Every structure is written in structure tokens, then in C-alpha cells.
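This report walks through a single protein model, moving from its overall make-up to particular residues and contacts. Please keep the sequence and the structure in view while reading.

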Amino acid sequence: MDTIKVGSSKPKSLLIRCFEIIIVAAIYYSTARLGQTLAIPPGNITPVWIPSGVMLAAVLIRGYHIWPGIFLGAFVGNVWAYIDFSSFPIILKCFFTGSMNGIGDVLSTAGAAYIIEKTTGTKNPFKRSSHIIKFILFGVIAGPAISAVFGVTSLCIVEIIQWNNYLYTLITWWTGDGVGALIIAPALIVWILDVKKKTWKTHVFENSLFWVILLVTAAYCLQLIPIKMIFHLPMFSLAPILIWSSFRLGQRVTFLAVFFISTITIVVTAAGQGPFSGKALNVSLTELQWFIAVMSITIFIMGGVINELFSSMNALQDAHNKLELRVNLRTTDLFDTNKKLEREITERKKGEKKIKSALIEKEVLLRELYHRTKNNMQTIIAMINLQTQNIENETVLGIFKETNNRINSMVLVHEKLYQTKNLSRINLKDYFIDLVALIADSYQNISKSIKITTDMDRIMVSIDSAIPCGLIMNELISNAFKHAFLDVQQGEINISLKMLDDQKIEFVVGDNGIGLSDDLDIRTVDTMGLKSIVALAEHQLPGSAKVVINNGTKFHITFKESSDKERA
């Protein structure tokens with residue numbers, strides 16, 4: 001089922017895109033033919049170009065995939081304007097100019113739409129004045145300039161127009177494309193994308209009054225009212241009416257009004273009437289387009305500022321209402337909360353006193369526990385020492401000495417905890433220093449000829465880690481004293497303690513003694529000391545133990561300090 005569904009959706013999507021491209025090309029061609037009715041020979045350049053605004057709006061609304069439709073419409077429209085099937089060179093020229101114009105139009109519309117969307121972050125760049133300025137810079141000025149350069153240059157290359165008319169033709173082309181984008185694209189975009197705004201329904205009377213005043217004023221300014229006029233109103237008299245629309249009726253009505261007035265004015269001027277007539281048609285239309293551009297830009301930017309102002313005011317009013325509601329809700333709860341707080345404060349003070357007393361009692365008990373544990377272990381050590389006084393067998397004495405040292409390593413942990421302010425953690429560096437000194441003292445006949453060097457960081461560990469670390473250190477130092485320096489006059493033991501990059505703790509005990517056998521496996525050896533080291537490192541800490549044999553022996557013990565939660 002899934003495979004059939006996915007497979008069947010792809011042709012449908014492709015078919016829809018192809019249909020969109022054909023529709024875009026048809027719209028471009030039809031609107032281009034309409035604009036070319038006002039073109040001037042020999043290049044059929046017109047100062048009124050509808051496709052630029054329609055295509056820019058289409059790319060912003062539908063997406064960049066419609067660019068083939070823009071190219072196809074521009075190609076067909078331009079080829080049709082210059083084609084002469086009786087001459088093959090002219091056909092080639094038409095195909096060249098059509099292709100260049102298609103490329104220029106794709107770059108100008110799709111490129112401008114891409115930059116507008118990237119710099120404003122929206123497909124509707126008319127909600128903020130800064131976004132409107134970017135639309136004007138890229139969609140009205142830069143984009144049409146690219147189209148004009150491509151189109152006029154290609155016409156000059158094939159000699160449809162002469163190079164001495166290049167600048168005049170370029171300005172005419174640029175004016176037509178730019179004003180088309182300025183008055184058509186905004187109206188299409190806001191009416192299609194801002195579908196939630198119901199300006200007509202919320203301001204029916206004011207809308208009606210606005211359109212009546214606008215149309216009557218426009219007719220009077222264009223000299224269309226068949227009555228004797230005492231004076232003529234200038235076209236900029238329409239500006240206050242459009243400003244009224246920006247303040248009261250919103251951008252949808254304002255953009256539609258600008259488009260409507262511009263269309264009427266162009267039609268009237270093309271018919272040889274109105275204040276812009278009386279000159280050559282191209283000059284009249286160009287002057288009219290520049291007037292429309294200046295007035296539209298002014299109204300649009302002002303509308304953007306007004307839109308931002310109203311948006312800010314609405315947001316501020318909403319925030320004020322929400323804040324006032326919260327204040328009222330909070331105020332009604334404050335009295336009850338205040339009473340509850342008073343009771344809770346009283347109860348908390350009593351609880352704090354109990355907790356402090358319990359903590360003090362717990363600390364005293366812990367210190368007493370550590371102290372008694374240490375004393376009991378020292379009693380055991382003393383009893384062992386008394387027992388060894390009657391033992392002459394050196395092997396048995398060695399076993400008792402090792403047992404004493406192991407117990408001493410645990411005694412030292414409890415002594416350190418008893419002496420520190422933190423009853424749960426111990427400074428591993430200080431502990432190792434005292435422990436090594438204690439072990440060395442028990443091997444006085446050997447340790448005098450052995451130099452001990454340390455390179456240790458200050459690392460705090462829990463008692464759960466300190467005891468196995470101490471037992472491992474006891475075994476390593478004791479083994480070094482007993483076995484590493486046989487028949488050696490001078491020796492050296494190096495001890496390091498470091499915190500690694502992965503938050504693991506590593507301590508290394510190395511000596512320059514006779515070393516171990518190269519094929520020794522510390523996990524299968526039968527000796528008690530090495531078995532203890534592996535068991536303590538891998539199961540008690542837990543961590544890892546590794547031995548390196550090179551000009552002596554180095555034991556690497558690595559582990560990660562467990563959190564209090566993990567230990568619990």
C-alpha cells in the first residue's frame with residue numbers, strides 16, 4: 001500500500017508543476033501582449049510592463065520552481081514581437097533576443113524574490129518599513145535593471161535598435177519593469193497571502209466612502225468630469241486620500257487603490273487625455289510612471305511604518321490586558337498565600353531547628369564512628385604486633401606485616417575522614433603521601449636505599465573509592481619494596497596521580513627495579529598481591545589495571561569516580 005501511494009503521488013506532483021509552468025507562461029505572454037500595445041518602435045520597448053509585477057508576485061507566492069514558465073513566456077513574447085518567418089537571419093536574431101530576455105527576466109524575478117525572502121525572512125515583505133525598502137531595492141530597482149540590461153543589450157547586438165539609443169531604451173525598459181513590479185506585485189501578494197484580514201466586512205461604510213472620494217478626486221485630477229473647471233487639481237492631491245487608507249483601511253485596500261488609480265491614469269494618458277498628455281506617448285507614459293513610482297513608494301513606506309505602529313500598539317495592548325488580568329488573579333490569591341506563607345515560615349523555622357540539630361548529631365555520630373573504627377583497627381594491629389613477637393618464622397612474619405599494612409591503609413582513610421570537614425570525601429593525594437610514608441616506615445631496612453618521587457594532583461574521592469585505592473597502593477608499594485630491588489643498591493619508585501581528559505582518575509606506580517617476566521598475565525597469576533590488585537581495580541572501584549614492563553615495572557590503575565547517586 002505504501003509503495004503504491006508514494007509511486008502514484010510523484011506523477012501528480014510533476015503534472016501540477018508542469019501545469020503551473022504553462023499557466024505562468026500563458027499569463028506572461030498575454031500580459032506582455034497587452035503591454036506591447038503601448039510600445040515604441042523599432043524595439044517595441046514599452047514604459048508599461050505588466051509581467052514584471054505578476055511574475056515577481058508569482059515567485060514569492062508559489063516558489064522558484066515556476067522559473068521555466070517565466071523564461072518560456074518571455075521567450076515567446078519577445079520572439080513574437082520581432083519574428084519574420086520570411087528571413088532566416090531575423091529568425092535567429094529573434095531566438096537570440098528572446099533567449100537573452102528570458103534569462104534576464106528569470107534572473108531579475110527569481111533572483112530578486114530570493115534576496116527579498118532571505119533578507120526579510122518572509123514571502124510578504126510589506127509588514128515592516130525596512131522590509132518594504134528591501135523590496136523596493138531588490139524587486140523594483142535592482143531586478144528590473146538586470147532585465148533591462150539583458151534585453152536592451154541583446155537588441156543592440158542584433159541591431160534591432162542602435163547603440164546610440166541604448167541609454168534611452170534602457171531607461172524606458174527599466175521604468176516599465178520597475179513600476180510594474182511596484183504597483184502589481186504588492187497588491188497580488190497582500191490579497192493572496194493575507195487572507196485572514198477582512199477589511200471590507202469590518203469597515204463597509206468607510207470603505208465605500210473612501211472609494212467614492214478616491215474615484216471622484218481621480219476623475220477631477222484626470223480632467224474626466226464633463227463640467228467647466230475653475231482650477232485643476234494636481235495628481236498629488238490623491239496622496240492624502242491614500243494616506244487615509246493606510247491609516248484606517250490597511251494595506252490591502254491601499255495597494256489595490258494604488259493599482260487601480262495607476263491603471264486608470266495610464267489608460268487616460270494613453271488615450272491622449274489628462275495632465276500627463278500633450279507630449280510624445282512614450283515621454284508622457286515615462287513621466288507618468290515616475291510620478292506613480294514616487295507616490296507609491298512614499299505611500300508604501302508610510303503604510304509600513306503605520307502597520308508597524310499599529311502592530312506594536314496592539315501587541316502592547318494585549319500585553320497590558322494580559323498583565324492586568326494576571327495582576328488581578330495574583331492579587332486575589334495573595335491574601336490566602338500570605339497566610340499560608342506565615343504558617344509555613346513558622347513551621348519551616350521549627351523544621352530548620354530540628355534539621356540543624358539532626359545534622360549536628362549526625363556529624364558527631366559519623367566522627368565518632370570513624371574514630372571508633374580507627375581505634376578498633378589499631379587495636380587489631382596492636383594485637384597482631386603482640387602476636388608476632390613470639391613468631392620467628394620470617395614467612396609468617398611477612399604475612400603478618402602485610403596484613404598490618406593493609407589494615408593501616410584502611411585506618412588511615414578513617415583518620416583522614418575524622419580530621420576533615422567533609423565527612424564523605426577524602427583528598428587522595430594527601431592520603432597516598434601519608435600511606436606511602438607509613439609503608440616505607442615498615443620496610444626501614446629496604447626503603448632507606450630507595451628514592452620515592454611523586455607527581456600528584458589534588459583529587460577528592462569518596463570513601464568507597466579511597467579504601468580500594470589505598471589497598472592497591474599498599475600492595476604495589478609493598479611489592480616494590482620486597483621484590484623489585486633484590487641485589488640493587490639504589491632504586492627509585494615514581495608515583496603519579498592525574499585527572500584525565502575523559503574525567504577518569506589514573507594513578508601510576510612505577511619502579512626501575514628488576515621488573516616482571518615479559519609473558520606475565522596479571523589476571524592469571526597465582527600470587528595474592530597481584531590477584532588483590534586486579535580484583536580491587538576491576539570490581540571494587542570499578543576500573544582497569546594495566547602493567548607495563550620496560551626498564552622496570554609500571555602499574556596503571558584507571559577508574560571513574562562514581563556520583564553519590566550511583567553509589568546510593
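**Overall composition**

The model is a predicted one, and every value given here is computed from it. Its secondary structure comes to 17 helices and seven strands, and 42% of the 568 residues count as buried. The accessible surface amounts to about 31,700 Å², and 63% of that area belongs to carbon and sulfur atoms. Among contacts between residues at least 6 apart in sequence, 71% join residues that are at least 24 apart.

**Salt bridges**

Side chains of opposite charge can pair when their charged atoms come close. The structure holds six salt bridges, and the table lists some of them with the distance between nitrogen and oxygen.

| Glu20 | Arg62 | 2.3 Å |

In the salt bridge between Glu20 and Arg62, the closest N and O atoms are 2.3 Å apart. Because Glu20 lies in helix H1 (residues 2–35) and Arg62 in helix H2 (residues 51–62), the pair ties together parts that are 42 residues apart in sequence. Glu20 counts as buried at 14% relative accessibility, whereas Arg62, at 47%, counts as partly exposed.

Glu206 is buried, with a relative accessibility of 15%, while Arg248 is partly exposed, with a relative accessible area of 45%.

Ser245 lies in helix H9 and counts as buried, at 0% relative accessibility. Its side chain makes a polar contact of 2.7 Å with the side chain of Thr254.

Ser262 belongs to helix H10 (residues 251–270). Is Ser262 buried or exposed? With a relative accessible area of 3%, Ser262 falls under the 20% cut-off and therefore counts as buried. The side chain of Ser262 reaches the backbone oxygen of Val258 at 2.7 Å, and, not counting residues up to four places away in sequence, Ser262 touches Ile183 and Ile292.

Ser99, found in helix H4 (residues 88–120), is partly exposed, with a relative accessible area of 24%. Not counting residues up to four places away in sequence, Ser99 touches Phe71 and Phe75. The C-alpha atoms of Ser99 and Ser154 are separated by 9.2 Å, although these residues are 55 apart along the chain.

**A nonpolar surface patch**

Phe247, Leu309, Phe310 and Met313 form a nonpolar patch on the surface, and together they have about 370 Å² of accessible area. The largest share of this patch, three residues, comes from helix H11 (residues 281–388). Phe247 lies in helix H9 and is partly exposed, with a relative accessible area of 43%.

**Paired strands around E7**

Strand E7 (residues 553–559) is mostly covered, since six of its seven residues are buried. Which strands are joined to E7 by bridges? Strand E5 (residues 505–511) runs antiparallel to E7 and is joined to it by seven bridges; Glu506 has Thr558 as its bridge partner in E7. Strand E6 (residues 543–549) is likewise antiparallel to E7, with seven bridges between them, and the bridge partner of Lys546 in E7 is His556. The hairpin of E6 and E7 has three residues between the strands, and there Asn551 takes a positive phi near 55°.

Definitions and conventions:
Residues numbered from 1 in each chain as written. Predicted model: local features only at pLDDT ≥ 70, side-chain atom pairs only at ≥ 80, totals over all residues. Heavy atoms only, no water. Helix = DSSP H or I, 4+ residues; strand = E, 2+ residues; numbered from the N terminus. Buried < 20%, exposed > 50% of the residue type's maximum accessible area, 1.4 Å probe, protein only. Polar contact = N/O pair within 3.5 Å; in protein donor to acceptor, adjacent residues only side chain to side chain. Contact = heavy atoms within 4.5 Å. Pairing = 2+ DSSP bridges. Patch = residues over 30% accessible without salt bridge, like charges linked within 9 Å, V, L, I, M, F, W, Y side chains within 5 Å. Areas by Shrake-Rupley, 256 points an atom, 1.4 Å probe, with all protein chains shown as cover. Salt bridge = Lys/Arg side-chain N within 4 Å of Asp/Glu carboxyl O.
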